[in-house]
Every structure is written in structure tokens, then in C-alpha cells.
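Subject: The structure, and notes to go with it

Hi,

Here is the structure I promised to pass along, with its sequence. Please have it open while you read, as my notes follow below.

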Amino acid sequence: MLTRFSALPAVLLSVLALAACDPAGPIEQTPDQDVAVPTPYLTPQTTVTAGGLQEREPDTCGAANYVSVLGQPAAQIQSLGISKPMRIVEWRGVEDQVYNPQRVVFRLDSRGNVYNIDCG
């Protein structure tokens, strides 16, 4: 003979056991607890100037002087005759994180054309 067990008593027992863990009611906030109000992060405003350069304070390397090579092949950079520090960053190229505000940085796209000029 087969004995059948009902699952109903086991379920009720589980629910009652879990209900006993619930606190008596909602926890109220006491006046001595300070609640930090989150402040939104605002992205600093930038304006787009000639050639798509973003204006930053200040243009310490004179990147705006070289907008003539935007969209041009990287070989055109050498024709500018730049005597100050410069860096050419290839598409998805690796560069160190040493920041030099006097250095002009030319960034190349996947076709080898200059798509951005900035300081750093």
C-alpha cells in the first residue's frame, strides 16, 4: 500500500517560519540618522570650434593652429614644421598616461587621417 504525503502542511510550516523572521513593522528613521542626498554629476560644458576641436581652458599647446590637417593623411603633419613636443596616436594605438600640456597630440582614424587634435 502506498502512503501519500500532502505537501500542504510542509508549505504552511515554511511560510510561518519565514513570517516569524519579518520585523514587527516598518523601521522608522530616527532624527539622528543623516540621509545623504545624492548630487548629480554635471558634465562640464564644451563648445565645438573650427574643425571639431573642443574648447578647453586654455589651449596651452596651440592645437587650434593646426586645424588645417584635420581630415588629411598623417604625412601632412610633418609638413607643418612643428618645433614643440608632439605625439601622433594611431587608430586604437596605445599611449602612456603622462600628460604634457605643451604637447600637441594628433589622433588618427582607421584610414590614417587626422580626426582630432588636442593637448596632452
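Let me start with a question: the side chains of which residues meet in a salt bridge at 2.6 Å, N to O? They are those of R87 and D96. By salt bridge I mean a side-chain nitrogen of Lys or Arg within 4 Å of a carboxyl oxygen of Asp or Glu.

Before going on, a word on what you are looking at. This is a predicted model, in which local features need pLDDT of at least 70 and side-chain atom pairs count only at pLDDT 80 or more, while totals for chains, interfaces and linings use all residues. Residues are numbered from 1 along each chain as its sequence is written, and side-chain values use heavy atoms, with hydrogens and water left out.

**The overall picture**

The protein has two helices and three strands, and from the N terminus on they run α-α-β-β-β. Helices (H or I, at least four residues) and strands (E, at least two) are DSSP runs, numbered from the N terminus. Of the 120 residues, 20% count as buried. Buried here is under 20% relative accessible area, exposed is over 50%, and partly exposed is in between (1.4 Å probe, protein chains only). The accessible surface comes to about 10000 Å², and 57% of that belongs to carbon and sulfur atoms. Those areas come from the Shrake-Rupley method with a 1.4 Å probe; for residues, only the protein chains shown count as cover. As for contacts (heavy atoms within 4.5 Å), 34% of those between residues at least 6 apart in sequence join residues at least 24 apart.

**Salt bridges**

Side chains of opposite charge can pair when their charged atoms come close. The count in this model comes to five salt bridges.

D118 forms another salt bridge with R107, with the closest N and O atoms 3.4 Å apart. This pair links distant parts of the chain: D118 sits in strand β3 (residues 114–119) and R107 in strand β2 (residues 104–108), 11 residues apart. Are its two members buried or exposed? D118 counts as buried at 11% relative accessibility, and R107 counts as buried at 18%.

R87, E95, D96, R107 and D118 are linked in a network of salt bridges. There is also a salt bridge between the side chains of R111 and D109 (3.3 Å, N to O). Here R111 is exposed, with a relative accessible area of 68%, while D109 is buried at 13%.

Strands β2 and β3 run antiparallel and are joined by five bridges; two strands pair if DSSP finds at least two bridges between them. R107 has N116 as its bridge partner in β3. The hairpin has five residues between the strands, and G112 takes a positive phi near 90 degrees in it. N113 is found in the loop between β2 and β3 and is buried, at 17% relative accessibility. Beyond its neighbours within four places in sequence, N113 is in contact with G71, Q72, P73, R107 and L108.

**The nonpolar core and the aromatic pair**

In soluble globular proteins, nonpolar side chains tend to be buried together. Which residues have the most contacts inside the largest nonpolar core? They are Y66, V104, F106, V114 and I117, in a core of 13 residues. Strands β2 and β3 each supply at least two residues of this core. A nonpolar core is a set of buried Ala, Val, Leu, Ile, Met, Phe, Trp, Tyr and Cys residues joined through side-chain atoms within 4.5 Å.

Leaving aside neighbours within four places in sequence, V104 has contacts that include C61, Y66, R87, I117 and D118.

A search of the whole structure finds one aromatic pair. Y66 and F106 form this edge-to-face pair, at 6.1 Å centre to centre and with 65 degrees between the planes. Y66 lies in the loop between α1 (8–21) and α2 (75–78) and F106 in strand β2, so the pair ties together parts that are 40 residues apart in sequence. Both residues, Y66 and F106, are buried. Rings of Phe, Tyr and Trp (its six-membered ring) pair if their centres lie within 6.5 Å; planes under 30 degrees apart count as stacked, over 60 as edge-to-face and the rest as tilted.
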